[in-house]
Every structure is written in C-alpha cells, then in structure tokens.
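What surrounds each of them?

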Amino acid sequence: MSTATPNASSDVLDFVVHKANGLKGLVDTGLQSLPRQYIQPPERRLHASQVISQESIPIIDVSNWDDPQLVESIFEAASKWGFFQIINHGIPQEILDHLQDAAHGFFGLPNEERKKFWKGKSPTDTVFLATSFSPLKEKVLEWKDYLSFRYIPGDEKSQALWPSVCKDPVLDYMKRVEMVIKKLLELLLTKLNVREIDKEKEYALMGSLTINLNYYPHCPNPELVTGVGCHSDISSITVLLQDDIGGLYVRGIEEDSWIHIPPVNGALVINIGDVLQIMSNDQYKSIEHRVVANGSKNRVSVPIFVNPGPDALIGPLPEVLETGAAPRYKPILFSDYFSYFFSKGHDGKNSINYAKI
Ligand SMILES: COc1cc(/C=C/C(=O)SCCNC(=O)CCNC(=O)[C@H](O)C(C)(C)COP(=O)(O)OP(=O)(O)OC[C@H]2O[C@@H](n3cnc4c(N)ncnc43)[C@H](O)[C@@H]2OP(=O)(O)O)ccc1O
Ligand SMILES: O=C(O)CCC(=O)C(=O)O
Ligand SMILES: [Fe+2]
C-alpha cells in the first residue's frame, strides 16, 4: 500500500521518526524531491574539489599475524592515517556476502515488519531499528537508517527475538570476527608497551560490541544530503564491511582534503576510535570520516563498534605515561562519553574535547 509523501518539515520528522517509518519508508512513498529536513547547508556538503586522489590509506595483508613486519605496518597506519584496510583475515567471503544480503533482506521487508523493531518498540533491547544519528537533536537529518545489535556471546534468549532474516548471518560473522578484533587490539597495544591484555584492559577495550546494518537508500539529490556527517567514532576500534558502491571518505593530511576509501572485495576497513586515541595519549589517531549518498543505488555497510563496557574508566594507559609524557586526557566514564556523543548532531572531532585536560 503506498502512502502520500509528507511535505511539511514537522510532518517529515513525525513520519520518519515518531511513526517509525524510517528513511526507507519515506523513500518508498515514491519521493520525487528532497524534503527540506534533509538538505545540508553548503558548508556541510562534500565538494568534488575537496577530494584528492593522489593519496590512499594502506591495505594490509594479515594472513600471518606473527609476522614482525605486520605490527609495524599497523602501527604506522594507525598513527598516521587512523584508517587501514585488512585483507586475508580468514573470514570466508560467503559469510561476508550473507551479511550484506541480510542487510538488504531486512530493509527489503514490508514496512510493517521492519517497524516491529523500531527503537523503543523492539521485542528486545539487544536489537533496534533507528534513523539518522540523533534525529531529535540534530538540525538536519542524515540520509541513513540502521539496525543495531548489541552482541553478547551466548545470549540465545534475546537473540531468538532478532529479525529472522538477519539473525544467523550476524551471529556467524560475529563469531568469526572476534578473533580478528582481538589480534588487532593485541598488536596495537604491543606498540604501546602493553605486554598482556588483562581482564580490566579487555573490558576497557572491548567490553561491549555493537554491530549495525547501515542502509543508505538511493537519493534524488545526493549532493545536497549527507549519509553520515563528519565525525570520528567513539569506539576503541571500528571494523567495517562495505559493499562495492563506495562513498566513504576520510580526512586527509592536507587542509580540508578528503580521501575516498575504495571498496576492496573481501577487505575490512579498520579505524581507530576516540577511546584508543585517548588511551594512547594521542599516539593513535581517531580520524574524521563521512559518507556521501548515492543517486541510483542502495548502499549497505556493516560497522562493528568495539566499545568499552559502560562503566569502564577511560584515560591514558599507565604504560604510555611510563615515558614521563604528560597525560592529555582526564579519566572519563565511557557511558558518560557515549551519552555526550549522542546528545548533539555529528560535529567532527569535537567530542574528544570532552575528555581533554
Ligand atoms: C550512528 O552513527 C554512529 C554511531 C556510533 C555508535 C556507536 C555505538 O557504539 S552504538 C550504535 C547504536 N546507537 C545507540 O546505541 C545509540 C542510540 N541512542 C540512545 O541510546 C539514546 O538515544 C541516547 C543516546 C542515550 C539519548 O537518550 P535520550 O536523550 O533520553 O533520548 P531518547 O529518549 O533515547 O530519544 C528520544 C526519542 O527519540 C527516539 N530516538 C532517539 N534516537 C533515535 C534514532 N536514531 N532513530 C529513531 N528514533 C530515535 C527515541 O526512541 C525516543 O522516542 P520516544 O517515542 O520514546 O519519545 C558511532 C559513530 C557513528 O557515526
Ligand atoms: O557506512 C560507512 O561506510 C561508514 C559508517 C560510519 O562511519 C559509522 O557508522 O560510524
Ligand atoms: Fe564512523
């Protein structure tokens, strides 16, 4: 059944957020032109002149985790770019393909089926469907819906309530990717003089895993909107699977320059988040990135936010300060940082100032 496209600004917010139709529901009304609610001011759009093609972020082969050169390559990429792609990580292509199919499968469900999982209505708090970033707090909405899962290994009771179209693909992926996350964190921490990740450090680095299925529907005027605005992640690291459409840009070293992260079949994009920048006292960089919308294709991407547990206290690691370096951040409770992050629209790298001394 088709529904009329809402047009007044308040109708759009009501239809998309309060009536739980999401952006996908809006696009499915047969949207011909862009509602005002989604039009970004010019200074928040990415212009072709800002994109540089001479630079690229590293692609790192991780087939041998014990290779001494690997730790150096990861250290360099995490310190300089804050972003890199990994290949030959051992997760079968079939598992990655099923995950992307699951994202399309969920967002292809009838509106009434998707709505059952809307934030605040979902049958379990370990999965919810949402839109944009902080839709009641931001000035302009982002061109994105997402289905978010909190992954707790062995939590079969709540996982039984996950949408059946994506439950198994998400769980199969999570079981395989956990080892990759642990290896990456081990290598990153080795270069910070941490010899062993004990239980306390493990909780601070990866005490909570969130996996999102992001859905960016095709857009009638992609140049006027933003898929995801300029931001850095708050995670320790983020592990992202993107499809073959492209659209993810990372801030370059030159003033106001942006570098495209090209889709590489089977690769995972890894980025350092604010938590690891803070723990490393700025040795590692959590770099701003953004996503542009596409005029003809529906893009999916699947980030895993490797986050601290909510009551972890985050600050520069003692091992990092052993050199006598002055701490640049004060200890913060991760749950406070999380709430602060979502209390406003995306605003580049400003969130980390919350923790700065
Ligand atoms: C997305 O880009 C990201 C994400 C990240 C994330 C990293 C992560 O680790 S988690 C990813 C999943 N996201 C979340 O878990 C955050 C979800 N939001 C919240 O938990 C809360 O909104 C809050 C941040 C704690 C703020 O709470 P509060 O101020 O009390 O506001 P609420 O009561 O929750 O909301 C009011 C009202 O709005 C509805 N609502 C809020 N957000 C959304 C949304 N995105 N979509 C749809 N609806 C939303 C909410 O349900 C309430 O509705 P009522 O009908 O009950 O009034 C890292 C980097 C990135 O770029
Ligand atoms: O969709 C993407 O490529 C990246 C999304 C992202 O940056 C995020 O969800 O934090
Ligand atoms: Fe991000």
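**Ligand 1**

I sorted the shell around ligand 1 into 12 nonpolar, 7 polar and 4 charged residues. Here Ala, Val, Leu, Ile, Met, Phe, Trp, Tyr, Cys and Pro count as nonpolar, Asp, Glu, Lys and Arg as charged, and the others, Gly among them, as polar.

I noted that this is a predicted model, where local features need pLDDT of at least 70, side-chain atom pairs count only at pLDDT 80 or more, and totals for chains, interfaces and linings use all residues. Residues are numbered from 1 along each chain as its sequence is written, chains are lettered from A and ligands numbered from 1 in the order in which they are written, and side-chain values use heavy atoms, with hydrogens and water left out.

I checked which residues come nearest to ligand 1: they are Thr131, Lys137, His231, Asn307 and His346, of 23 around it. "Around" means a heavy atom within 4 Å.

Next I looked up polar contacts (N or O pairs within 3.5 Å). An oxygen of ligand 1 is 2.5 Å from a side-chain N or O atom of Asn307. Another entry puts an oxygen of ligand 1 at 2.9 Å from a side-chain N or O atom of His231.

**Ligand 2**

I found 13 residues around ligand 2, with Tyr216, His231, His289, Arg299 and Ser301 nearest. A side-chain N or O atom of Tyr216 is 2.6 Å from an oxygen of ligand 2. For Arg299, a polar side-chain atom lies 2.8 Å from an oxygen of ligand 2.

I sorted this shell too: 6 nonpolar, 4 polar and 3 charged residues.

Conventions: A polar contact is a pair of N or O atoms within 3.5 Å; within protein, one must be able to donate a hydrogen and the other to accept it, and residues adjacent in sequence count only if both atoms are side-chain atoms.
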